Amino acid sequence: MLQNSFRTALAALLVVVAVAPGCQRAAYAPTARFAPTTSQPVGKTQAEDPAVAAMIAPYHDKVTTQMQEVLGTAPMPLLKAQGESPLANFVADLQRARASQVLSEPVPLGVMTNGGLRASLSAGPVTLGSVFELMPFENELVVLDAPSAVVQQLFEYAANIKMAVSGATYAVTFDGLPKDIRIGNQVFDPNQDRTWPIAISDYLASGGDNMGFFKTIEPRHTNVLLRNAIADHIRSLTKAGQPVTAKVEGRVKQ
Amino acid sequence: MTTRRDFLRQSLLGTAGLTVLGGLANTAEAAAAKEPIKLTILHTNDMHSRIEPFPDNGGQWAGLGGMARRAALIKDIRSKEANVLLLDSGDIFQGTPYFNFFGGELEYKLMSEMKYDASTLGNHDFDNGLDGLMRQLPNATFPFLIANYDFSKTPLAGRFAPYKVFEKQGVRIGVFGLGIQLAGLVGDKNFGATEYLDPVAKATETVAQLRGAEKCDLVICLSHLGYKYESAKIDDRKLAAQVSGIDLILGGHTHTFMDAPEPIASPDGKPTLINQVGWSGINLGRLDYEFSPKTKRAGLASASVVPVRAAC
């Protein structure tokens, strides 16, 4: 008790905070006495625990063997960014192509958000590891049959953040609304009574990234993981002698 | 530096301690004269499957982190400190191929090897769905504490407690967990029928239990709510300002690097400290506390000239 009081006073000099609860039933009064560093870096000078390193080793070997596989080559980086980005265009396009192939029907629209892609692709060899970095999630490629009204909501969402939609172009008004929406070069009529297949991840289809307007639509499954779709596409480009490229091409007009 | 109080302490321990207390031979008073009980809280958040350090070409965090290094650091601290609590604030899963390949198995096994005492659930811990989480639970020797998710209508019913009380040399430390709203952040099918409950209401209720029936001396919240949002969304700072009786919030989700814990005045005027140490195991948080017995009778302390914390 005595000592605690002294220590409290001393600790105050070190800019620490006493957090003693008041008159409670607890038997002990705590005093914070923090070390100068309350966030200790785990850096290169810290030796490894050999037992833990040994536990990691077999897992490490399995992962690295598979991750080092080179799938293709990117002459230029495919960057992720807000608004229309090369990487999101690349992924949203291949989603449409793969979904179309799996379902044996045209899929006019593809959606991938910037936040859904977790890393850019660097220039040079594209490994399975780099595909994992950009798509670490176990997301499935699905198709939503969205009524025109929901497609309109998609473009309103997109215009707000100037996000591109694969298969479409549109312009953004000064107050952030979509106009001149074209799907496959045809002017989009929000009142037309039809549905539009959209190739998308199951995460976004279930309302992720605040796409709540999709939630009521039952997705059609492709049973293809989005990451595998990306890796397969890059492999097929390589097989066809093509590089991994994508660009910002004015899908969103200012 | 020798302060006047240090001098006083030396004097009192040298004279009063030996003469007065020596004469009393009373366990309570004798305990009061001993070194306070020390507790070292070590914590991580958002480790995101970062088993190995960031690669040397890994940008901003190149070469940092790594669970084998963290294990060695923890072991070193344990060798020097009698009472250690090792805690985590969620988002253990997702971020490197280790998660994609093994579903979190290695993360849980290594945390168990490091003797983690408890964690809470982050949104990414649902990334392989409730089934994916359930499959990995046998690999964890530590509990996941969560007070504001109701799993009763899911396959995980009964698998998680809201809190746990740890006892170190008689000091009781209550630890509870709070998770972020899952809807909109986690795919619907991944959290299924898990119900999100108001963190403020559940924290108030849990703290009452920990401070009351459980007689805790220290109350720690493992939070995956996030440090701070400009919007009305609940965060650690708002929680601290709205709920009394939490000594420490160990946060996560926002990957916030804090140089020092931040005190926030709770409704009863007492400070709640918030700490968060970035992500990916780049840092290990360390917060040390000392506990001194509260004296319930007028003894040596009240008779002395030194300031004494009000006795209850």
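In helix α6 of chain B, which spans residues 105-113, the residues L106(B), E107(B), Y108(B), L110(B) and M111(B) are buried. A residue is called buried if 20 or more other C-beta atoms lie within 10 Å of its own, exposed if 12 or fewer do, and partly exposed in between, with C-beta atoms placed from the backbone. Helices (H or I, at least four residues) and strands (E, at least two) are DSSP runs, numbered from the N terminus. The model is predicted, and local features need pLDDT of at least 70, side-chain atom pairs count only at pLDDT 80 or more, and totals for chains, interfaces and linings use all residues. Residues are numbered from 1 along each chain as its sequence is written, while chains are lettered from A and ligands numbered from 1 in the order in which they are written.

The buried residues of α6(B) pack against helices of both chains: α2 (50-67) of chain A, and α4 (67-80), α5 (97-102) and α7 (129-136) of chain B. Contact here means that the C-beta atoms of two residues, placed from the backbone, lie within 7 Å. After α6(B) comes K115(B), which has a positive phi near 65°.

Chain B as a whole has eleven helices and twelve strands. Of its 312 residues, 50% count as buried. Among contacts in chain B with a separation of 6 or more, 73% are between residues 24 or more positions apart.

Strand β1 of chain B, residues 37-44, is mostly covered, with six of its eight residues buried. Two strands pair if DSSP finds at least two bridges between them. Seven bridges join β1(B) to β12 (residues 283-293) of chain B, and these two strands run antiparallel; I41(B) stands opposite L287(B) in β12(B). Five bridges join β1(B) to β2 (residues 84-88) of chain B, and this pair runs parallel. Here H43(B) is opposite L87(B) in β2(B).

Turning to chain A, UniProt places the feature "domain: 5'-Nucleotidase C-terminal" at residues 81-215, in an unreviewed entry. UniProt positions are given in the numbering used here, feature names are shortened, and annotations may be inferred rather than shown by experiment. Over residues 81-215 of chain A, 32% of the chain is helix and 25% is strand, and the end C-alpha atoms lie 26 Å apart.

An open sheet of four strands in chain A has the order β4-β10-β6-β11, with mixed pairing. Its edge strands are β4 (109-110) and β11 (220-225) of chain A, each of which pairs on one side only. Strand β6 (residues 140-147) of chain A is joined to β11(A) by four bridges, and the two run antiparallel. V143(A) stands opposite R220(A) in β11(A). Across β6 and β10 (195-201) of chain A lies helix α5 (residues 148-161) of chain A, at about 115° to β6(A). Axes are lines fitted to C-alpha atoms, for helices over the stretch in contact, and angles run from 0 to 180 degrees between N-to-C directions.

Helix α3 (residues 86-103) and helix α7 (residues 226-239) of chain A have axes that come within 10 Å and cross at roughly 90°. V91(A), L94(A), Q95(A) and R98(A) in α3(A) meet A229(A), I230(A) and H233(A) in α7(A).

The loop between α6 (202-205) and β11 of chain A holds G212(A). G212(A) is partly exposed, with 14 other C-beta atoms within 10 Å. Its C-alpha atom is separated by 9.8 Å from that of Q153(A), 59 residues apart along the chain.
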